[in-house]
Amino acid sequence: MLEGLGSPASPQAAASTSVAGSSGPAACPPPSPSAPRSPESPIPQRGGVRASVPQKLAETLSSQYGLIVFVAGLLLLLAWAVHAAGVGKSDLLCFLTALMLLQLLWMLWYVGRSSAHRRLFRLKDTHAGAGWLRGSITLFAFITIILGCLKIGYFIGFSECLSATEGVFPVTHAVHTLLQVYFLWGHAKDIIQSFKTLERFGVIHSVFTNLLLWANGVLNESKHQLNEHKERLITLGFGNITTVLDDHTPQCNCTPPTLCTAISHGIYYLYPFNIEYQILASTMLYVLWKNIGRKVDSHQHQKMQFKSDGVTVGAVLGLTALAATIAVVVVYLIHIGRSKTKSESALIMFYLYAITLLMLMGAAGLAGIRIHRIEEKSLDESKNPARKLDSDLLVGTASGSWLISWGSILAILCAKDHPHYTWYNLPYSILVIVEKYIQNLFIIESIHREPEKLSEDVRTLRVVTVCNGKPLASSCLKSGGVAGDVAPRGRDLPPAAKGNVCMREGCGKEEEKQEESSWGGSPSPVRLPRFLQGNAKRKVLRNIAAFLFLCNISLWIPPAFGCRPEYDNGLEEIVFGFEPWIIVVNLAMPFSIFYRMHAAASLFEVYCNI
């Protein structure tokens with residue numbers, strides 16, 4: 001029986017077998033210190049530490065280079081925004097164009113080198129560059145290219161008074177977008193192990209180039225929103241606020257004027273998609289940068305499977321919220337700024353809609369967290385840059401809306417005069433803080449949970465110890481038929497378990513108790529309620545994830561397309577001052593908008609993993 005499972009190849013292996021047999025089915029014995037180290041054995045710890053020093057140094061140097069480029073670009077953006085002497089828009093566009101051209105050269109070199117060595121085996125990070133993420137970035141990139149075409153048409157119409165850089169920039173940006181999407185589709189999962197120092201500088205340059213393009217898009221869109229906001233303040237009766245328009249329209253006529261007006265308005269409606277594209281591209285490139293030189297663990301990420309069965313309730317409620325959102329945004333944009341009465345009614349309508357939706361989202365998130373807590377399932381604590389970045393972005397970008405909400409709460413409590421519509425702002429601001437806190441807990445706990453199928457398979461096989469190259473311990477062979485059970489099951493085990501497997505069947509009640517505790521189990525039955533056991537629990541969680549997914553898309557639409565009550569109610573500007581509050585909103589609003597899109601993406605992943 002033992003010969004069929006494998007026998008020791010040397011006297012030294014036989015000795016270790018006798019030791020394992022005397023101690024019971026435990027972990028594999030450590031190698032003897034006096035035994036000579038084979039060429040395939042790992043490097044000693046001291047040498048491993050020394051080998052990581054150049055890698056850490058290159059990572060530090062490349063990150064500092066990226067920060068220097070980013071700070072220089074931000075200063076140019078700020079100088080153009082405040083009309084600094086000697087700094088024009090052409091200087092900013094020249095800088096951004098040079099950064100994009102440099103990234104294009106690096107991507108072409110990397111793609112060419114990868115094509116020349118395409119037959120070589122390359123390590124991949126299965127968590128990075130998910131299919132739904134590449135699909136969404138392709139959609140946003142397509143709209144970004146349409147935005148570039150509109151900018152080219154805008155340049156042609158005003159070519160008499162615009163510099164050549166305003167025509168070169170959109171062309172370069174379109175080419176940069178096309179090649180970058182192709183690069184991310186083919187290489188987002190790569191774990192680079194050659195030319196690591198050079199690749200670190202190339203990838204981090206790409207990360208901060210996209211961040212600067214994102215900041216440029218945010219600034220242009222914010223200037224447009226600010227001009228509309230100043231015009232609305234006069235309608236609402238806030239005459240004591242300075243309303244000097246920051247106009248950047250060219251000082252010449254455009255031909256034909258109707259087409260130029262349509263193009264200029266269409267550009268700002270497409271900016272939200274461009275902003276999402278740039279930030280998604282920078283996050284994918286950042287994961288690629290973190291994966292350079294990384295050692296991949298044996299744990300393989302399971303492929304996500306999209307299942308649409310059993311989510312009728314969540315989908316119907318989510319689609320209803322989406323339809324209501326579109327209707328509210330249309331009515332808001334039509335009424336706001338028309339008159340004081342219509343503006344106040346539009347604000348009240350938006351607050352009531354948002355309060356209802358946020359309460360439903362918070363209740364759904366609490367229900368999902370409660371199901372997870374009752375289940376008491378173990379968490380997957382394996383380290384991965386993509387998963388860590390997802391969690392950090394959820395918490396970090398939520399702080400933008402938290403900042404705005406706390407500012408609104410303080411303004412309501414400290415203001416002397418309170419228009420009646422501002423009292424609706426108080427529960428709305430509180431619910432924004434609470435709902436994002438609950439949703440972050442639900443998403444992070446769902447993403448870090450162990451896959452359910454893997455846990456059930458492990459419990460069925462009752463695999464406890466894997467000893468490569470070692471025979472089964474004698475204490476595990478007391479129950480009949482063990483060897484016959486091991487042989488067929490071993491074929492389906494992962495490569496890490498191709499050796500002999502110690503089974504716990506018939507090894508004693510005490511060992512079974514230890515096995516239960518090792519996998520976080522309990523001898524008592526599952527404590528979930530009867531209506532949540534089995535497949536019903538997964539259906540409830542899928543409905544919650546689907547509902548929250550559609551709700552986050554719904555809440556992304558209003559601020560992305562100009563429905564921003566933080567601008568329009570006017571109370572915060574009176575309490576904090578016009579310029580301080582506008583700075584706070586312009587800094588925090590892009591993070592709040594990105595949070596909703598990133599939360600929707602994370603909830604889609606949660607839905608597919610349930």
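The chain holds 19 helices and 2 strands, where helices (H or I, at least four residues) and strands (E, at least two) are DSSP runs numbered from the N terminus. This is a predicted model, in which local features need pLDDT of at least 70 and side-chain atom pairs count only at pLDDT 80 or more, while totals for chains, interfaces and linings use all residues. Residues are numbered from 1 along each chain as its sequence is written, and side-chain values use heavy atoms, with hydrogens and water left out.

Confidence comes first. The mean pLDDT (the predictor's confidence in each residue, from 0 to 100) of the chain is 74, and 68% of the residues reach 70 or more. Over residues 1–51 the pLDDT is below 50, and this stretch has 37 contacts in the model beyond near neighbours in sequence, a contact being heavy atoms within 4.5 Å. Residues 453–526 also stay under 50 in pLDDT, and here the model has 88 contacts beyond four places in sequence. Where pLDDT is low, the predicted coordinates should not be read in detail.

Turning to the chain as a whole, 47% of its 610 residues are buried; buried means under 20% relative accessible area, exposed over 50%, and partly exposed in between, with a 1.4 Å probe and protein chains only. Of the contacts between residues at least 6 apart in sequence, 88% join residues at least 24 apart.

The largest nonpolar core contains 84 residues, and Ile137, Phe158, Phe183, Leu184, Val203 and Trp556 have the most contacts inside it. Such a core is a set of buried Ala, Val, Leu, Ile, Met, Phe, Trp, Tyr and Cys residues joined through side-chain atoms within 4.5 Å. Helix H8 (residues 257–290) gives the most to this core, with 16 residues. Both domain 1 (54–294) and domain 2 (307–450 + 532–609) give residues to this core, so it lies between them; the domain bounds come from an automatic or database domain assignment. A second, separate core has 50 residues, including Ala354, Ile443, Leu571 and Tyr595. As for Val203, its contacts are Trp106, Leu285, Leu288, Trp289 and Ile292, not counting residues up to four places away in sequence.

Phe70 sits in helix H3 (residues 45–81) and counts as buried, at 18% relative accessibility. Not counting residues up to four places away in sequence, Phe70 touches Phe208, Leu211 and Leu212. Between Phe70 and Ala215, 145 residues apart in sequence, the C-alpha to C-alpha distance is 10.0 Å. Leu211, in helix H7 (residues 196–236), is buried with a relative accessible area of 18%. Aside from neighbours within four places in sequence, Leu211 is in contact with Phe70, Ile279 and Ser282.

Thr177 belongs to helix H6 (residues 165–187) and is buried, with a relative accessible area of 1%. Its contacts, not counting residues up to four places away in sequence, are Ala141, Thr144, Ile145 and Tyr277. Leu105, in helix H4 (residues 89–116), is exposed, with a relative accessible area of 58%.

Rolling a probe the size of a water molecule over the atoms shows where empty space is left. The structure holds 6 cavities of 30 Å³ or more. Here a cavity is a set of points, on a 1 Å grid over the protein atoms alone, where a 1.4 Å probe fits but cannot get out, and lining residues have an atom within 4 Å of a point. The largest cavity has about 280 Å³ of space, a volume being the space filled by probe spheres set on the points, which are joined across faces, edges and corners. Its lining comprises 22 residues, of which Tyr428, Val432, Pro559, Glu566 and Ser592 lie nearest the centre. Helices H10 (340–375), H11 (385–414), H12 (425–447), H16 (535–560), H17 (565–568) and H19 (578–609) each supply at least two lining residues, and H12 gives the most, with 5.

Helix H19 also holds Arg596, which is buried with a relative accessible area of 6%. Leaving aside neighbours within four places in sequence, Arg596 is in contact with Leu358, Met361, Glu435, Lys436, Gln439, Asn552, Leu555 and Trp556. The C-alpha atoms of Arg596 and Cys551 are 9.0 Å apart, and the two residues are 45 residues apart along the chain.

How values were computed
On a 1 Å grid over the protein atoms alone, a cavity is a set of points where a 1.4 Å probe fits but cannot get out, and a pocket is an open set with protein on both sides within 12 Å along at least five of seven lines; lining residues have an atom within 4 Å of a point.
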